[in-house]
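Here are my notes on the model, as numbered points. Have it open beside you while you read.

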Amino acid sequence: MGGVLSDPRDIAVAAEEKGWGSGRHERDLELTDEDFGRIRQLIYQRAGIVLAEHKREMVYSRLAKRLRHHGLTRFVDYLARLERQPDAREWEAFTNALTTNLTAFFREAHHFPLLAEHVQRHSGKVRIWCAAASTGEEPYSIAMTLMEAMGSRASQAEVIATDIDTEALARARAGIYPLEQVCKLEDSRVKRFFQRGKGAHKGFARLRPEVTGLLDFQPLNLLAPQWPVSGPFDAIFCRNTMIYFDKTTQARILERFAPLLKPDGLLFAGHSESFSYITEAFQLRGQTVYTRRGQR
C-alpha cells in the first residue's frame, strides 16, 4: 500500500512487475459474478481490504497471472484450491496480487519537517514504525529525515518497516531504485544517501549502508491477532492504507496503535484519510497528524 507514484513511467514499471499489463494475454479466463464475490470476501477476511464493485477488471488482470501459473482456466477452480488449503503458500501470492504498492520518496512532504522537529526534542533512542512500507520509499524517507535531524545520534535510531506484501518488502530490502526516480530528490540528498550504479547497474541507485542499517523490514498483516512489533514508538506512519478498510476495521487498528505510541507520539495519516470520527483514541494535531487523546 502507500502513496501515489509521481511519474507515469514508475506506474508502468509497477504494472509490469505486478503482471498488470493489458496486452500480453487475451481475456481467456472465466470470472463469474460468484467468483468475484468470493474473491472480495476472501481478501477481506485475510487482509481487511474492501474491494469495490468497479475493481473487477483490476482483480481479473492481477489474478489471471496466478491462474496461468497453475495451468487453470477458471477462477472457481483457483478459489477452490485456495479454500482447500488454508495454510498454502499460494495465499501469500493471492494477497500480494491484490494489494496496491504505489509510493514515492518524501511523498506528502509536509510530514517530514514535523517528524524532524519531533525527534530533535528527544534525547533518548528514537523508534519509528512505518506500518505500510510498500517498496521502501516511505521508510527510507523516514530514515533520511532522522539522519538529517539527529546527526550522529541517528545511528541509534530504529525504523520498523512492515507490509503485508512480501514481494514489495523484498524490493524494499534491496534498497535499489531507478536513477530517474532517485534524481527527483534534491542533489544534496542524492549525494549523501545514494550510491549510483555502474556497469551492469547503470541507471540505478542504491541506498547507502548507513541508511539501510536503520531499517528492520518485517512482514505484517494489520488484521493479525498478534503483531510482531512492540512499542513504545515516537511515531507511527500509517498513510494511505486505512482507505482500503471499512470503518470497523479502521477503528480496531487505530485502537491497537494507541498503546504502542509514547504519550506524546505522533500518528501520521494519508492525505485523504481522517481518523477524527473513527475512534476516540486520537485527536487531530495538524494536517493529517494525530496524537493520543489528551496529549498536546
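1. Aromatic pairs first: this predicted model has 14 of them. The rule takes rings of Phe, Tyr and Trp (its six-membered ring) with centres within 6.5 Å, and calls planes under 30 degrees apart stacked, over 60 edge-to-face and the rest tilted. Phe105 and Phe194 make an edge-to-face pair, with 5.7 Å between centres and 85 degrees between planes. Phe105 sits in the loop between helix H5 (90-98) and helix H6 (111-120) and Phe194 in strand S4 (residues 194-196), so this pair ties together parts 89 residues apart in sequence. Helices (H or I, at least four residues) and strands (E, at least two) are DSSP runs, numbered from the N terminus. Both Phe105 and Phe194 are buried; buried means under 20% relative accessible area, exposed over 50%, and partly exposed in between (1.4 Å probe, protein chains only).

2. Another edge-to-face pair worth a look is Trp129 with Phe257, at 5.4 Å centre to centre and 90 degrees between the planes. Here too distant parts of the chain are linked: Trp129 belongs to strand S1 (residues 127-130) and Phe257 to helix H12 (residues 247-257), 128 residues apart. Both Trp129 and Phe257 are buried. Elsewhere, ring pairs join Phe105, Tyr140, Tyr177, Phe194 and Phe217 into a cluster.

3. On to charges over rings (NZ of Lys or CZ of Arg within 6 Å of the ring centre and within 35 degrees of the ring normal). Arg46 lies over the face of Trp91, 3.9 Å from the ring centre. Arg189 has its charged end over the ring of Phe106, at 3.9 Å from the centre.

4. How many salt bridges turn up in a search of the whole structure? The count is 14, taking a side-chain nitrogen of Lys or Arg within 4 Å of a carboxyl oxygen of Asp or Glu. One of them joins the side chains of Arg56 and Asp33, at 2.6 Å from N to O. Arg56 is in helix H3 (residues 56-69) and Asp33 in helix H2 (residues 33-47), so the bridge ties together parts that are 23 residues apart in sequence. Asp33 is exposed, because its relative accessibility is 54%.

5. Arg121 and Glu117 also meet in a salt bridge, at 3.8 Å from N to O. Arg121 counts as partly exposed because its relative accessibility is 48%, and Glu117 counts as partly exposed at 41%. Then there is Glu158 with Lys125, whose closest N and O atoms are 3.9 Å apart. That pair links distant parts of the chain, with Glu158 in strand S2 (residues 158-163) and Lys125 in the loop between H6 and S1, 33 residues apart. Lys125 is partly exposed, with a relative accessible area of 48%. Shared partners join Lys125, Arg127 and Glu158 into one salt-bridge network.

6. Now the interior. A nonpolar core here is a set of buried Ala, Val, Leu, Ile, Met, Phe, Trp, Tyr and Cys residues joined through side-chain atoms within 4.5 Å. Which residues touch the most other members of the largest core? Out of its 52 residues, they are Ile39, Phe94, Trp129, Trp227 and Phe257. Two or more residues come from each of H2, H3, helix H4 (75-84), H5, strand S7 (233-237), H12 and strand S8 (261-268), and H3 gives the most, with 6 residues.

7. A second, separate core has 42 residues, among them Val119, Ala133, Val182 and Val211.

8. H5 is mostly covered, with 8 of its 9 residues buried. Among the buried ones are Trp91 and Phe94.

9. For the whole chain, I'd note 12 helices and 10 strands, and that 52% of the 296 residues count as buried. Among contacts between residues at least 6 apart in sequence, 72% join residues at least 24 apart.

10. Last, confidence and conventions. The mean pLDDT (the predictor's confidence in each residue, from 0 to 100) is 88, and 90% of residues reach 70 or more. Residues 1-25 have pLDDT below 50, and beyond near neighbours in sequence this stretch has 52 contacts in the model. Where pLDDT is low, the predicted coordinates should not be read in detail. Local features need pLDDT of at least 70 and side-chain atom pairs count only at 80 or more, while totals for chains, interfaces and linings use all residues. Residues are numbered from 1 along each chain as its sequence is written, and side-chain values use heavy atoms, with hydrogens and water left out.

Notes: Contact = heavy atoms within 4.5 Å.
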